[in-house]
Amino acid sequence: MSELKRTSLYPAHLAAGASLVDFGGWEMPVQYPTGIVAEHLYDRRKCGIFDVSHMGRLLVEGPDRLAFLQKVLSGNAAALVPGRAQYCMIPTETGGAVDDAYLYMYEPENYMLIVNAANTEKDLAHFARYLPDYDCRITNITDSYSSIAVQGPEAEAILKELSGAETITGPKKNDLGQITIQGKPVRVSKTGYTGDPIGYEVFIDAKDAVWLWNLLIDRGARPTGLGARDTLRLEAGLPLYGHELGTAPDGTEIPIFAVSLARFAVSFAPEKGDFVGRAALETQRTGTEKKIVPITLTDRGVLRGGMEVLQNGQAVGWVTSGTMVPYWVLDEQGQPTEATGRRSIGFAYVDSRLGPGDAVQVNVRGKLLRGELVKRHMRQDLPPYGRAELLK
Amino acid sequence: MNYPVDYKYTRSHEWLRDDGDVAIVGISDYAQDALGDVVFVNLPAVGDTVIAGESFGDVESVKAVSDLISPVTGVVCQVNTALEDAPESLNEDPYGAWIIQVEDVTDCEDLMNAEDYQAFCEQEG
């Protein structure tokens with residue numbers, strides 16, 4: 001085992017008393033002393049900050065950069081204009097996912113691609129197979145910049161207060177911007193992995209990361225670890241590579257179109273031309289045998305990835321991710337109260353004939369418990385709060 | 001970390017308190033801290049037989065599930081069903097939030113006293 005890498009925020013995690021774990025080769029905070037449940041609830045109600053500096057940041061430059069990205073990514077990079085970002089997949093030739101990624105265009109002359117930390121080396125090796133045909137180069141700039149996700153209802157107010165800026169980014173998801181905090185330039189994107197209707201990710205010179213982190217805490221944001229990052233993304237219905245993307249519990253490749261986000265991530269626009277996995281993806285678009293659907297456990301218990309899902313005694317698939325997730329109880333007007341609850345939710349990779357509203361059973365360590373496939377776990381369309389959507 | 005002296009401890013981090021006719025079982029402060037937020041407890045039923053060294057239920061945190069190992073062989077005479085709705089009691093008050101009470105105890109694992117258990121935990125890191 002090689003030594004674990006550390007982000008520039010490592011001293012801040014130590015100072016905060018974080019529990020640190022090996023995450024994709026990085027020594028990262030899984031939780032802080034308040035615990036995952038409190039961190040999740042605080043993010044949904046106020047503001048959570050997350051060290052996402054471990055994620056791979058790749059600078060794509062050169063005259064053929066657009067052609068190259070059109071070849072190796074699923075999205076239409078030609079549709080990206082300066083000041084915008086887009087979610088995309090890095091497809092395999094057979095229409096599975098090497099990784100999922102976010103493509104940013106801060107400047108007209110280059111792109112920044114952000115990939116999963118654990119996949120960075122694999123992605124670079126995958127890109128190297130196609131690069132020789134293009135006048136384009138990729139530089140791994142992960143270590144030069146730090147990245148902090150600032151998520152939750154108070155995220156915008158906190159960044160405005162710190163920068164004095166009237167607007168942080170444009171109003172739309174995936175809008176980019178630049179603010180200045182005490183003279184230091186900070187790049188911002190209206191993106192995130194929590195599903196919070198208000199949320200940003202900021203990029204800053206690695207040497208200034210701890211300084212900014214502490215400023216955010218002074219303004220009321222709270223450090224949030226990888227544990228809550230996972231419960232938040234699960235509640236928001238966002239896929240995670242290695243669970244909903246990549247390889248299924250039976251060892252087969254999960255087709256990209258099994259994930260509902262694929263319809264935003266894959267483009268067959270004419271200007272995109274042929275690209276890695278295109279033929280397979282065109283077939284998948286008409287339907288996949290199995291699909292990824294949110295699932296809620298109705299019996300008492302906890303869903304976990306790998307558990308078998310059944311309907312009328314017949315195996316129909318697996319749980320790909322699952323845990324127990326807290327939520328703020330809403331009043332009759334849909335406003336969050338001071339009361340909290342918890343529920344076991346997840347994703348299931350099941351026969352495509354099944355869908356939201358269907359009753360299923362889950363094999364929870366030998367016991368068949370009742371569950372239901374659902375449309376979503378949370379409403380994200382009523383800012384400032386992400387609101388839990390419970391079974392009736 | 002708290003290691004009260006009137007409890008005995010297993011290597012799998014349960015505690016046992018001898019209360020005359022019954023043995024009371026819970027999880028230690030070290031265990032709850034290592035687990036993180038406990039979000040679900042799978043309890044046995046009154047009348048179930050538990051066996052020393054074998055699982056009698058499990059506790060689940062956000063991240064993982066862990067077996068509960070019985071320190072004794074006997075019959076479950078009381079179950080702390082309040083944990084079903086408030087599993088977080090195991091984090092908040094690990095030595096107050098007992099899990100089961102066992103009667104007709106016929107066998108017991110080798111248990112550690114508080115001092116030995118503390119040394120054992122410190123060694124585990």
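Domain 1 and domain 3 of chain A bury about 1100 Å² between them, and carbon and sulfur atoms give 66% of that. Buried area here is the accessible area, taken with a 1.4 Å probe, that two parts lose on being put together, summed over both. Interface size is often given in this way, as accessible area lost when the parts come together.

Three residues stand out on the domain 1 side. A:Leu41, A:Arg45 and A:Pro197 supply 54% of the area that domain 1 of chain A buries against domain 3 of chain A, more than any other three residues.

Some ground rules. This is a predicted model, where local features need pLDDT of at least 70 and side-chain atom pairs count only at pLDDT 80 or more, while totals for chains, interfaces and linings use all residues. Residues are numbered from 1 along each chain as its sequence is written, chains are lettered from A and ligands numbered from 1 in the order in which they are written, and side-chain values use heavy atoms, with hydrogens and water left out.

Now the layout of chain A. Domain 1 covers 10–54 + 143–223, domain 2 covers 56–140, and domain 3 covers 289–388. Those bounds come from an automatic or database domain assignment. The C-alpha centres of domain 1 and domain 3 of chain A are 28 Å apart.

How many residues of domain 1 of chain A are in contact with domain 3 of chain A? Eleven, and they meet 14 residues of domain 3. Contact means heavy atoms within 4.5 Å.

Back to A:Arg45. A:Arg45 forms a salt bridge with A:Glu338, with the closest N and O atoms 3.2 Å apart. A salt bridge is a side-chain nitrogen of Lys or Arg within 4 Å of a carboxyl oxygen of Asp or Glu. The rule finds one salt bridge across this domain interface.

Next, chain A against chain B. They bury about 1400 Å², 46% of it on carbon and sulfur atoms. The contact takes 17 residues from chain A and 16 residues from chain B. Five salt bridges cross this interface. One of them joins B:Glu60 and A:Arg304, at 2.9 Å from N to O. Which elements of chain A supply at least two residues each to the side that touches chain B? Strand E2 (26–31), helix H2 (36–45) and strand E16 (314–330). H2(A) gives the most, with three residues. Helices (H or I, at least four residues) and strands (E, at least two) are DSSP runs, numbered from the N terminus.

Last, two loop residues. A:Asp175 sits in the loop between helix H5 (155–163) and strand E10 (176–181) of chain A. Is A:Asp175 buried or exposed? Buried, because its relative accessible area is 6%, and buried means under 20%, exposed over 50%, partly exposed in between (1.4 Å probe, protein chains only). Its side chain makes a polar contact of 2.7 Å with the side chain of A:Arg84. The side chain of A:Asp175 also reaches the backbone nitrogen of A:Lys172 at 2.8 Å. A polar contact is a pair of N or O atoms within 3.5 Å; within protein, one must be able to donate a hydrogen and the other to accept it, and residues adjacent in sequence count only if both atoms are side-chain atoms.

A:Ala269 lies in the loop between helix H8 (262–265) and helix H9 (278–285) of chain A. A:Ala269 is buried too, with a relative accessible area of 16%. Beyond neighbours within four places in sequence, A:Ala269 is in contact with A:Asn76 and A:Arg278.
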